[in-house]
Amino acid sequence: ITMDMKQDPKEKKAHYSAAINLEDEKLIDAEMYQSEKQEAYSVPSLFDGYYYLNAEDYGDFMRMQNPAYDGPDKVSLAPLQLKDFELTEAEQEYLASSYGEFLMENLKDEHFSEEKKRPYEYEGIEQDLRKVTFKLSPKETKKLMDDFMTKLIKDEKLHDMVIYRVEEASRTSVFAENFGDTGFDKKEMKEELVQGLKDLRDEMKEVEYPAGFTSAILVDNKDYIVNRTVKVAVDGGSEALQFALETTDVRDGDDKRYQGMEMTAHPYEKDAKDDYKMIVTVVNDTVYKKDKSEQDMQISFINEANGEQTDGIVFDMKSTFDGEKASKQKVKRDFSLAIQDGVRVDTYQEITGIIKQSNDTGKKTSKESFEIELDLVDEYDGGGKLLLAFDSSSKLKDVKMPEIGKGDDTDLSKMTESDRRMMMTEMENGLSELMMEFGLMQMFMDPYSDDLYGDYSETSEFDLNDYTEESDVDGSDL
């Protein structure tokens, strides 16, 4: 699989191309051009010319798919830029200052306690740490949540940040249908946002926090947070649930780092044994060398009932990074994914494999390549092997749109139902020819299809007289 991407952020243009190769021969390729005014698609192996859509015809095109469409008739077809949705430095400073002040005003000294010297051990590393605990009663927790929602409702600067980003998204075809035929209305959207926050606050007034809220951190002599635990129980009326989160970040000198996270959820019953528990665990241990590093990661999702595991997913990956900077690095990853069936506890599925990755990223160019080898193991179906190679490149450069709208090019907004059927037939025929050419057709054929037709062939005789009067089939049916 190869992919190539060229973007011109200033002109809001982009060109994407992709190809699937079988061994050393190209199986199928495709390309897409995108600008504010037009999108165009081409798959030479399946159809001739481009299928394109002009921004000013977007409404007509959508009504062809859905007569009830009431979104805008014209949108921007330019590619979305994630940087347009990132918080500016001034916005980040405002949020940090405003909500920092809110916490300082609402959290009092009596909510905190400190233990100067607390022994702590992890992976054989022993430390004396400072423990700081923050605790709120059930009543205090409920008041803090209500005050926080009230601040969100009154924070007009925050509303403007959200509305600006929604407005930017509304200009694109991806989200246009959500804003009706009048398009984006800033005043109406702000009113809906505030009302939504008020409704959420009203719903949260019905929520209780029977165990209050507790957060504890363990800090070393360099003010690194080595361990953090957070506990809260939430009762929404049907069943109270206890949530707990623990994170760990232990450094062993400058060359080893142990990181972990465990989140659990189970019914909240004071002094009672848990019926079931959900556990999510992430462990990531890293060893740093001169120009290399080794990483050992495990992610697991486990369900337990009455203290015993019922089902779960465990993902293991060992990675070796060759190269100090991620922008110019070679990576090898050995991984496994095991799935335990919750219905048949003694069955499992497992995927193991190797990923070889190469990165070369500069200011205006980026190249990545992957080689993926998968081994699939299934207790009942056996398994198989899959090999994939993936190459991608991207550049920031001028993108020249081809001259579209002539010859075999087709305007999607002008297509009739008959045109669409012909397009699908053309694509199906092209795909079938490709599969026949590369010997892939048998992969999708029923291995027992011969048995369905018995000895009949194209020259076999079929006699209607074989059917008796009692038969369910008559001549009109045939």
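Biologist: To begin, how many aromatic pairs does the count come to?
Modeller: This is a predicted model, and the count comes to eight aromatic pairs.

Biologist: Which residues do ring pairs link into a cluster?
Modeller: Y99, F102 and F148 are linked in this way.

Biologist: And which charged end sits over the ring of Y99?
Modeller: That of K151, at 4.8 Å from the ring centre.

Biologist: Turning to helix 3, which of its residues are buried?
Modeller: The buried residues are T141, L144, M149, T150, L152 and I153.

Biologist: What do they pack against?
Modeller: Their partners are helix 2 (89-106), strand 7 (125-136), helix 4, helix 5 (186-204) and strand 8 (213-219).

Biologist: At what angle do helix 3 and helix 4 pack?
Modeller: Helix 3 (residues 138-154) and helix 4 (residues 156-170) pack at about 65 degrees, and their axes are 5 Å apart. Helix 3 contributes L152, I153 and K154 to the contact, while helix 4 contributes E156, L158 and H159. Of these residues, three are nonpolar, one is polar and two are charged.

Biologist: Which residues does S293 touch?
Modeller: Leaving aside residues up to four places away in sequence, S293 touches T286, V287, Y288, S319, T320 and F321.

Technical notes
Residues are numbered from 1 along each chain as its sequence is written. This is a predicted model: local features need pLDDT of at least 70, side-chain atom pairs count only at pLDDT 80 or more; totals for chains, interfaces and linings use all residues. Side-chain values use heavy atoms; hydrogens and water are left out. Axes are lines fitted to C-alpha atoms, for helices over the stretch in contact, and angles run from 0 to 180 degrees between N-to-C directions. Helices (H or I, at least four residues) and strands (E, at least two) are DSSP runs, numbered from the N terminus. Contact means heavy atoms within 4.5 Å. Ala, Val, Leu, Ile, Met, Phe, Trp, Tyr, Cys and Pro count as nonpolar, Asp, Glu, Lys and Arg as charged, and the others, Gly among them, as polar. Buried means under 20% relative accessible area, exposed over 50%, partly exposed in between (1.4 Å probe, protein chains only). Rings of Phe, Tyr and Trp (its six-membered ring) pair if their centres lie within 6.5 Å; planes under 30 degrees apart count as stacked, over 60 as edge-to-face and the rest as tilted. A charge sits over a ring if NZ of Lys or CZ of Arg is within 6 Å of the ring centre and within 35 degrees of the ring normal.
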